[in-house]
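Dear colleague,

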Amino acid sequence: MKGNVIKYARDNIDTDVIIPGQYLKVHDYAELAKHAMEGLDPDFHSKAKEGDFILSGRNFGCGSSREHAPIALAHSGIKAVLALSFARIFYRNAVDGAFLLPIEIDQDAYSDIAEGDQIDIDLKSNQINNLTKNKTYKMKPFSDIIGKIIEAGGLFKYKPD
Amino acid sequence: MNITEKILARASGRQRVAPDDVIFANVDKVMVHDVSGPGVIKVFDKLKKQGINVDKLWDPTKVWVAEDHFVPSADKMSAENVVKLSNFTKNYGIEKHFKYGMGQYGICHTLSHEEALVLPGEVYVGGDSHTNTTGALGSFACGLGHTDVAYVLLNGKIWFKVPQTLYFKLNGKLPDHVMAKDFILKIIGDISTEGGAYKTMQFGGSGISEMSVESRLTMCNMTTEAGAKNGIVEPDQKVVDYLTSRGAKNITLVHGDADAEYEKIYEYEGSEMEPLVAKPFSPENITIVREAPSVELDKSYIGSCTGAKYEDLEAAAKILKGRTVKIRTEILPASISIYKRAMENGLLKIFLDAGVTVGPPTCGACCGAHMGVLAKDEICISTTNRNFPGRMGHVESQTYLSSPLVAAASAVTGKITDPRDLK
């Protein structure tokens, strides 16, 4: 997976800024995408390109259980969110609905990867290659069940052992 | 095993579970509302296209539906979502649908206990993050997204990683001017909004035994703000009496073992607690009310699943009786049954005489949707549970979170006020 990084160097990006509450009545995915990140970055919709990644700090996606949040990001073209840590329900929603990959990174990757860097995520070796800076970082491997659900393509395609 | 582990062991058909085990747990009850319901319907439509059979739910008698976020409908889209929800319950034979404008309705996390829809020891999931609230009855209660809820509706089970448990022990009663809301804000301030992530937050000790069931609901409600998977209190006679008076039968209490393990134990002395507020823009950003910034408030909001239960309204009435509000103040009882009690016991008159607007049960303004959202630069004190940027309206508005006592005292002065300091 190769793409460019949109960086938000802060912690606790909550679901209210990812998709504000007034849009919770909207269930049209394309319409949700128009308002993605509106509470933090009104330019996000014009900025995000197909295949991009978001990079952020701790506790990404805290707050609501609204699946609108990963849906709005996914339908903006975002393939993965790289963060120091994730809030529980956002993480589940991203994986179980097969919307995007929530990838836990370490401090090195967080500090080093800059806005606009092109990176390549290698899920086999759990490595992130920064093609712009010619550097490599480790990502936290997915836990057993998460890895299996991702591989299956979402919870409904996953067959428990 | 502790209570959460015992419930999950039973639900997954195992003798024992331990933290970090991945299990599939059978679900006893599931809730959808007017936000998650249309989302679930959308997932069903997607599955249908993939050839997955969505004609029948695993057990419609275990499903219940609330209308709360976008009622009364302010626009066509909200109205259409409510119609979608009605069609859904009709098509799938779901009988427990609490419809706006037809008797008892209200916020889902209030109906769960007001209507005895969830019992101790049950696994209860809902399409809303504050489903954690109902853990106060001694159930495993947890919020999920649309895909997960759709999975439960079709399969009757869902995967969980068994959480580590943080135990919060309260020694002794909270003083009269301090409410459960102050105590949970204190805890979130101590452990941060990420401190409970992927974990259970369990509450116990003599202070929790002394607490009413409604106060315990406030505690468990805001475990979501610490990122917790679930909040829980071991059930006692108060819970049994509460649910029995609401028609519940066959209540079986689950308790943790004497040698139950907890990842960490935190202890608090009730007598040392003070009224607190959480400043914008995080529930962890707490300060003692007496040290809060001296801001001119525009509004006081007493509502939501966190702060509009009957005792919350009683607390507000205690302050507002014989006084008048200085700022725009809205009180929205969390359910019609609470609204009626407030009417019968004279609370509504106290509110109206004080100049307050009393509205219908709705999540509207709490989530910035409708019915009283904030304009740019407006500052609100609120009994709700979140104060993220834009949470209650304009992204440049500000919300301070507090107990109903503090929100009511502040309504009277127009500044953030400790109820003890009211003249």
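In chain B, five strands form an open sheet with parallel pairing, in the order E4-E3-E2-E5-E6, where strands are DSSP runs of E of at least two residues, helices are runs of H or I of at least four, both numbered from the N terminus, and two strands pair if DSSP finds at least two bridges between them. At the edges, pairing on one side only, are strand E4 (96–98) and strand E6 (140–143) of chain B. Strand E3 (residues 63–66) of chain B pairs with E4(B) over three bridges, and B:Trp64 has B:Lys96 as its bridge partner there.

This is a predicted model, in which local features need pLDDT of at least 70 and side-chain atom pairs count only at pLDDT 80 or more, while totals for chains, interfaces and linings use all residues. Residues are numbered from 1 along each chain as its sequence is written, chains are lettered from A and ligands numbered from 1 in the order written, and side-chain values use heavy atoms, with hydrogens and water left out.

Turning to the interface, 49 residues of chain B are in contact with 42 residues of chain A, contact being heavy atoms within 4.5 Å. Between chain B and chain A there are four salt bridges (a side-chain nitrogen of Lys or Arg within 4 Å of a carboxyl oxygen of Asp or Glu); one of them joins B:Asp75 to A:Lys25, with the closest N and O atoms 2.6 Å apart. Of the side of chain B that touches chain A, the largest share, seven residues, comes from H5(B).

Best regards
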